[in-house]
Amino acid sequence: MRATRLTKYAALAGALAAPLSVASPASASGPASSAYGIYAGGALAIPAQPAVTSATQPHRKALELPKNPVFNLALFTVEAKGHHASASVLDLKLSHPGLKTKLPTGLLSAQAIAAKCDNGVGSAHLADISVAGHDVPIGGPPNTDVVIPTRGFGLRVTPDKQVQNPDGTLTVIALELDISIGGSIQTIDLASATCGRADGKPAPTPTVPGTKSSSSSDSAAAGGTPSTVPVKEAPRPTPVPMDLPVTG
């Protein structure tokens with residue numbers, strides 16, 4: 001049963017990541033492409049993992065996390081090759097140890113979260129996303145912030161976050177969560193892919209449309225509502241080449 005489930009998830013992960021063309025070593029130039037499944041900064045700290053970086057040859061990792069106090073069973077798949085990168089997360093349920101009393105049903109659940117970067121152009125795919133019990137609207141333009149109604153703290157979600165980096169590459173984060181009490185105290189990135197263009201030119205600068213609410217009536221959080229003004233991008237987390245055991 002376990003093997004069957006992993007086979008099914010692996011097939012879905014491959015479908016979300018494909019198609020990706022392979023850049024030959026002779027044509028690859030500029031910064032290497034990279035991808036990771038999850039990163040968390042703040043009270044809940046998780047290094048970027050599973051993570052891959054590759055300038056030429058294809059590099060892929062798959063990681064299944066067993067059930068634990070923070071994650072439910074989830075499958076992470078990441079791949080980088082030449083000027084292409086992808087990352088996907090399947091069947092994820094996430095809790096935050098510091099918010100269990102405020103969010104008894106959990107922080108996030110998702111059937112599928114995926115990011116793809118292809119020759120400096122990014123895209124994201126999300127399916128059945130729920131944050132703090134609220135459905136997250138998907139399909140809007142990149143960098144559209146969604147404010148989730150909460151009490152006692154601020155919760156902002158950004159599907160399809162896209163950032164142009166100083167080296168000219170583009171980073172796509174399929175889903176970013178930001179928790180605030182006065183100021184940001186926790187960020188969680190899910191499915192991140194970074195790549196550049198084969199011609200060495202900078203990737204197009206993504207637009208920032210602003211912030212909207214996940215419901216018609218916003219509830220003001222004690223920590224304040226996240227700003228609609230674009231915030232200067234923080235440094236990207238450095239992928240850490242650490243692998244957790246894959247259960248079987």
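Start at the hairpin. This is a predicted model, and in it strand 4 and strand 5 form a hairpin with two residues between them. Look at glycine 82 in that turn: its phi is positive, about 60°.

Now the pairing. Strand 4 and strand 5, residues 84–94, run antiparallel, and seven bridges join them.

Is strand 4 buried or exposed? Strand 4 covers residues 74–81, and eight of the eight are buried, so the rest of the structure largely encloses it. Check both faces. On one side sit Ala74, Phe76, Val78 and Ala80, all buried.

Next, the core. The largest nonpolar core has 47 residues. Which of them touch the most other members? They are Leu108, Ile113, Val131, Leu175, Leu177 and Leu190. Strand 11, residues 170–181, gives the most to this core, with six residues.

Zoom in on leucine 108. Setting aside neighbours within four places in sequence, leucine 108 is in contact with Leu92, Lys93, Leu94, Ser130, Val131, Leu175, Leu177 and Leu190.

Last stop, lysine 161. Lysine 161 lies in strand 10, residues 154–164. Why does lysine 161 count as buried? Its relative accessibility is 15%, and the cut-off for buried is under 20%. What does its side chain meet? The side chains of lysine 161 and glutamate 176 are joined by a polar contact of 3.0 Å.

That's the tour.

Technical notes. Residues numbered from 1 in each chain as written. Predicted model: local features only at pLDDT ≥ 70, side-chain atom pairs only at ≥ 80, totals over all residues. Heavy atoms only, no water. Helix = DSSP H or I, 4+ residues; strand = E, 2+ residues; numbered from the N terminus. Buried < 20%, exposed > 50% of the residue type's maximum accessible area, 1.4 Å probe, protein only. Polar contact = N/O pair within 3.5 Å; in protein donor to acceptor, adjacent residues only side chain to side chain. Pairing = 2+ DSSP bridges. Core = buried A, V, L, I, M, F, W, Y, C linked by side-chain atoms within 4.5 Å. Contact = heavy atoms within 4.5 Å.
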